[in-house]
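Biologist: I would like to learn how to read the features of a model. Please take me through them one at a time.

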Amino acid sequence: MRTLLLWCPDWPVLAAEIVDGVPATGAVAVLHANRVVACSERARAEGVRRGLRKREAQGRCPQLTVVDHDAGRDARAFEPVVAAVEELAAGVEVVRPGACALAARGPARHLGGEEAAAERIIEHVAQTCAVESQVGIADGVFAAGLAARAGRVVPPGGTPGFLAGLPVEALGRPALADLLRRLGLRTLGGFAALPAGDVLARFGFDGALAHRLAAGQDHRPLAVRRPLADLAVTADHDEPIDRVDAAAFAARALAERLHDRLAAHGLACTRLGIEAVTAHGQELHRVWRHDGLLTAAAIADRVRWQLDGWLSGSAGRPGSRSARPTAGIIRLRLVPDGVLARADLQPGLWGETGEERERAHRALSRVQGLLGPEAVVTAVLGGGRSPGDQVRLVPWGDERLPARPGESTGPARAGGLAGPARPGEPAWSGRAAPPPWPGRLPPPSPAVVLPAPLAATVHDATGEPVGVSARLQLTAAPARLVVGTARPVEIVGWAGPWPVDERWWAPAEARRRARFQVCLADGAALLLAVESGQWLVEAIYD
């Protein structure tokens, strides 16, 4: 297939300029794993090359600006370029950030030939995105990519001859290129002349694929992308909507329009964005999530609940973050933020599955519509060293992501990482493998975590207060516990200490404490902590 490939030189450097404002006209190098993966033209003039280590690159160019490689940044910055190409030709495949390919036949027909199409696309990308690019046309994506680096249009049928004189390093496989050179094969033409069966037997599947590319034969056709359809629906109202009944009527009609549009594309909505604009220009936005298929009635209910909450439900309620709009709604927009193929959602064979879950979801969503998003929250477990640090409350329907990762990402000086220490045994004895967070309490987790720790005192057998020294040594064995003004309770078993010294590098946020597990004579089990000489009850075990 005649393929047109557009290539933007030094794209990681250009993406850093577009997204982060790093001037690409200066000496810039993009590094990954401490090696240069791309550099600007000025940096190359100073001797910087791909593959150099950071120290060597900075030695050649002392004024070098170093930028960390970010594949997401490269892809986001390249999307406007692809959109600009799609304005002139359909069926674009993104080969990688900085390069996209399409069949040359269509643009060549309506733009006056292949060379005219290449010039028009380069000019359009430059005017639309202010990005310099080069275009190559050949038989296949691989050959077109090499032609784009030289800005050439390879004649039809001339691709094998064009590739024959190129070095084997053009394959982009350093190990294979080194082996071929040691075997005396220095060009793609010499490699392509080998029998395909012998290449497969000697170099394996990847070598056979490289052999096909060297001969000008692509291993697959273009995987063109389909531009996303605009599925959002909008309704403008001449008269501002300030009553709930009028809002419910508008929500029903708009929900049916959205559902019909999704059905026409074979899609179902799982995350719905509701946007509203008031007569005073105030913009309101809320996202509703759902685990299953949102029907037209379900969409209408959620829009009606949200409009009810905006227009009346949240106004004047204490603790609510949202306030009633100062004017009526003149524009309402529904955006299907999350969609999937309808075939992926299969109802139950004998009636709908998960009806109880759906009823609970509707009830909680209704409460949110009246009282605001933060009125209904659920707990999400994450990383942390204390039970209270491991729980994050998120509004019902929001994405349930932990506030901290499960693995430790920050330094902490902690002991007692393995499990409950026996009385008199050092907590850092290492009798078992440490948990992910240094200093994290071992299972089981407490049943109740107190929102505010309770003050307590611990006494030894003689009635003297028990303390913990700077070396984490108890002044005496714990014998009795007094919580607040309650009567003393005998301690029949205890384990600890588990010390944690957090954020010692920030004096204002530093925290140093030691924790203990105690069993009482009345059958209770508590998690205690001593901090700055004060004993506290943090949690209760079953």
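Predicted model: local features only at pLDDT ≥ 70, side-chain atom pairs only at ≥ 80, totals over all residues.

Biologist: What span should helix α12 have?

Modeller: The expected span of a helix is 1.5 Å times one less than its number of residues. Helix α12 (residues 244-264) has 21 residues and should span 30 Å; its end C-alpha atoms are 30 Å apart, which agrees.

Biologist: Which residues of α12 are buried, and which are exposed?

Modeller: Buried means under 20% relative accessible area, exposed over 50%, and partly exposed in between (1.4 Å probe, protein chains only). In α12, the buried residues are Ala 247, Ala 250, Ala 251, Leu 254, Ala 255, Leu 258, His 259 and Leu 262. They cover an arc of only 170 degrees around the axis, so they lie on the same side of α12. The arc is that of the directions from the helix axis to the C-beta atoms. Phe 249, Asp 260 and Ala 264 are exposed on the other side of α12.

Biologist: Where does α4 bend?

Modeller: The bend at a residue is the angle between axes fitted to the seven residues ending there and the seven starting there. α4 bends by about 30 degrees at Glu 79, and a proline, Pro 80, follows within four residues.

Biologist: Which residue caps the N-terminal end of α4?

Modeller: A polar contact is a pair of N or O atoms within 3.5 Å; within protein, one must be able to donate a hydrogen and the other to accept it, and residues adjacent in sequence count only if both atoms are side-chain atoms. The cap on α4 is Asp 70, with a side-chain oxygen 3.1 Å from the backbone nitrogen of Gly 72.

Biologist: Is His 211 buried or exposed?

Modeller: His 211, found in helix α11 (residues 196-214), has a relative accessible area of 9%, so this residue is buried. A polar atom of its side chain lies 3.2 Å from the backbone oxygen of Ala 192.

Methods: Residues numbered from 1 in each chain as written. Heavy atoms only, no water. Helix = DSSP H or I, 4+ residues; strand = E, 2+ residues; numbered from the N terminus.
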